[in-house]
Amino acid sequence: MGLNRVRAVFLDLDNTLIDTAEASRRAMLEVIKLLKSKYQYKEGEAHVISEKVQVKFSQECYRESKMSITDLRISHWEEAIQETRGETASRELAKECYFLWKSTRLQHMTLSEDVKNMLTELRKEVSLLLLTNGDTQTQREKIEACACQPYFDAIVVGGEQEEEKPSPSIFYYCCDLLGVQPGDCVMVGDTLETDIQGGLNAGLKATVWINKNGIVPQKQSPVPHYVVSSVLELHAILQNMDYIPSVSP
């Protein structure tokens, strides 16, 4: 296997191992249905509210908020309804929307059988660590929903650390947890600015970008060592690096 064999693989969660984008899309459709059927909102209004909420989610700075993540996200719904309707929104309606969105989203956050099998096989040869940015409560709920704990040697949530990806410190913390050096590790994720930049910042052996939708990166974007369209290609990538032996059928 040689001296340069990878000893650990760090994997992102959202849109790498689980399809968070699709789960979120389905959850929004359920809230739109609720607003139309129970509260007689027009189709256009309901869609505008969902779009506004998604923008607020994308701009969320949970570390800077003095509110809990639950209160913060209820407020997103409250503000979106108010901005769309031009009237004071009911806090109870905002709560109903948020909890329906959250519960539906979590129901759709699952590890596919293919991903489970890949993780099981990989873990026979390397240590696996789940490394996800985000608020502690939110990410821990996703981890529980998709039941991924048994497939990993360690799980690190950015919200529980002083700094998140792409800061090198969280990668060094992960290395210490597993007893490995940065040069022994590969980072796998779907976000160039956090997963790939972070792996590069920390001096990991390699970075693997999951580019599911064939995005063309901007010129100033960090450059990954490898690009794949699915995390299921990871084992082949590692074999091609000559770091993992091929298993005979």
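This is a predicted model: local features need pLDDT of at least 70, side-chain atom pairs count only at pLDDT 80 or more; totals for chains, interfaces and linings use all residues.
Let me begin with the sheet, where β2 and β3 run parallel and are joined by 4 bridges. Within that pair, L129 stands opposite A154 of β3.

On its other flank, β2 has another partner to consider. Strand β1, residues 8–11, pairs with β2, residues 127–132, in the parallel sense, again over 4 bridges. Here A8 has S127 as its bridge partner in β2. Strand β2 is also mostly covered, with 5 of its 6 residues buried.

Turning to the sheet as a whole, we have an open arrangement of 6 strands with parallel pairing, in the order β3-β2-β1-β4-β5-β6. Which strands stand at the edges? They are β3, residues 154–157, and β6, residues 226–228; each has a single partner strand, so one side of each is left without a neighbour in the sheet. From one strand to the next, the twist averages 20°.

A helix also packs on this sheet: α8, residues 192–201, touches β4 (185–189) and β5 (206–210). The direction of α8 makes about 170° with that of β5.

I move now to helix α3. This helix covers residues 69–85, which is 17 residues, and reaches 24 Å from its first C-alpha to its last. That span is close to the 24 Å expected at 1.5 Å a residue. The buried residues of α3 include I69, L72, I74, W77 and I81, and also R73, H76 and E78. Against which helices do the buried residues of α3 pack? The partners are α1 (20–37), α2 (43–58), α4 (91–107) and α6 (136–146). After α3 comes G86, with a positive phi near 70°.

Finally, the domains. The domain assignment of the protein chain gives domain 1 as 8–18 + 111–242, and domain 2 as 21–108.

How many residues are in contact across the two domains? In domain 1 there are 14, and these meet 9 residues of domain 2. The size of an interface is often expressed as the accessible area lost when the parts come together. For domain 1 and domain 2, about 850 Å² is buried between them, with 45% of it on carbon and sulfur atoms.

Terms used
Residues are numbered from 1 along each chain as its sequence is written. Side-chain values use heavy atoms; hydrogens and water are left out. Helices (H or I, at least four residues) and strands (E, at least two) are DSSP runs, numbered from the N terminus. The expected span of a helix is 1.5 Å times one less than its number of residues. Buried means under 20% relative accessible area, exposed over 50%, partly exposed in between (1.4 Å probe, protein chains only). Contact means heavy atoms within 4.5 Å. Two strands pair if DSSP finds at least two bridges between them. Axes are lines fitted to C-alpha atoms, for helices over the stretch in contact, and angles run from 0 to 180 degrees between N-to-C directions. Domain bounds come from an automatic or database domain assignment. Buried area is the accessible area (1.4 Å probe) that two parts lose on being put together, summed over both.
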